[in-house]
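Welcome! Here is a short tour of one protein chain, from its overall fold down to a single residue. Take a look at the sequence and the structure first.

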Amino acid sequence: MATSESSDDECGVMRKALDVSLPDDFDPESIPQTGEEYLHHVIYERTNKCRKWVTAEGDFTKYKKNQTVHVTIETESPKALEKFCPSKSWQDNALQDYIQLRTFLSNTQQPNPTDQSICKKSFWKSIEKTRPSFSEITQYSQAAKILMLAEITKYLENVRIVSETVGVWIYAILALLEKPLSPDCCYKLRQFAKKCIELRAALKEEDEVSLANPLNLFVCVIARFFNQLDLAD
């Protein structure tokens with residue numbers, strides 16, 4: 001016996017602890033009287049009754065009124081005319097310029113942010129009339145900059161094009177945003193990019209291509225630098 005066990009171990013053969021199989025005359029309706037008969041029923045149910053996939057069946061419509069979380073399925077972004085869409089080389093150059101600016105700013109001594117929020121009413125007036133200074137934009141925290149971007153997204157609801165002054169504000173904010181992005185930051189950044197895509201798609205054939213350039217720039221930076229690649233052109 002010892003020799004046989006030793007031989008089995010050496011060959012790597014694992015012997016069954018309980019060698020049980022269904023008999024030819026097995027009756028699934030019978031009541032098991034012994035442990036072996038119980039195992040017969042287990043084997044039968046495992047091989048004949050258990051489905052690979054099991055789902056709950058029932059009428060769940062009555063629970064809809066208690067639902068508190070709703071998932072919005074994003075629709076495809078609106079398409080712009082071909083003349084307004086940037087080329088791959090244009091995007092590469094724009095992204096390279098943006099990265100160079102970020103590198104320069106990262107090597108520049110910046111004050112510690114002191115403002116955690118913004119005055120929404122005065123902010124809209126500021127972005128329309130004056131360009132931001134470096135000292136002004138760096139005094140705001142990451143959360144405040146994201147709030148600025150959210151306000152600019154609302155502002156763009158009421159305009160058809162991005163003015164030069166507003167564009168400078170946007171570019172300055174994007175240049176100073178830190179990675180990695182928080183979920184809230186990522187959401188607001190995407191909302192802004194989608195608004196830019198929407199404005200670009202609304203441009204008409206007779207419009208100048210230059211009107212799309214700032215929109216293309218912002219979408220390119222958000223999609224390719226901040227890794228929102230599903231929004232990329």
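## How the chain is laid out

Helices (H or I, at least four residues) and strands (E, at least two) are DSSP runs, numbered from the N terminus. By that rule, the chain has nine helices and zero strands, giving the pattern α-α-α-α-α-α-α-α-α along the sequence.

A word on the source: this is a predicted model, where local features need pLDDT of at least 70, side-chain atom pairs count only at pLDDT 80 or more, and totals for chains, interfaces and linings use all residues. Residues are numbered from 1 along each chain as its sequence is written, and side-chain values use heavy atoms, with hydrogens and water left out.

## Surface and contacts

The accessible surface (Shrake-Rupley method, 1.4 Å probe; for residues, only the protein chains shown count as cover) comes to about 16,200 Å², and 52% of it belongs to carbon and sulfur atoms. Of the 233 residues, 31% are buried; buried means under 20% relative accessible area, exposed over 50%, and partly exposed in between (1.4 Å probe, protein chains only).

Contact means heavy atoms within 4.5 Å. Among contacts between residues at least 6 apart in sequence, 75% join residues at least 24 apart.

## The nonpolar core

A nonpolar core is a set of buried Ala, Val, Leu, Ile, Met, Phe, Trp, Tyr and Cys residues joined through side-chain atoms within 4.5 Å. The largest one has 45 residues, and those with the most contacts inside it are Y98, M148, I152, I170, L174, F192 and F218. Two or more residues of this core come from each of α3, α4 (120-129), α6, α7, α8 and α9.

Which residues does Y98 touch, not counting those up to four places away in sequence? They are Y171, L174, A175, V221, F225 and F226.

## A residue in a loop

K204 sits in the loop between α8 (183-201) and α9 (213-225). K204 counts as partly exposed because its relative accessibility is 47%.

Leaving aside neighbours within four places in sequence, K204 is in contact with L81, F84 and R160. The C-alpha atoms of K204 and A80 are separated by 8.9 Å, although these residues are 124 residues apart along the chain.
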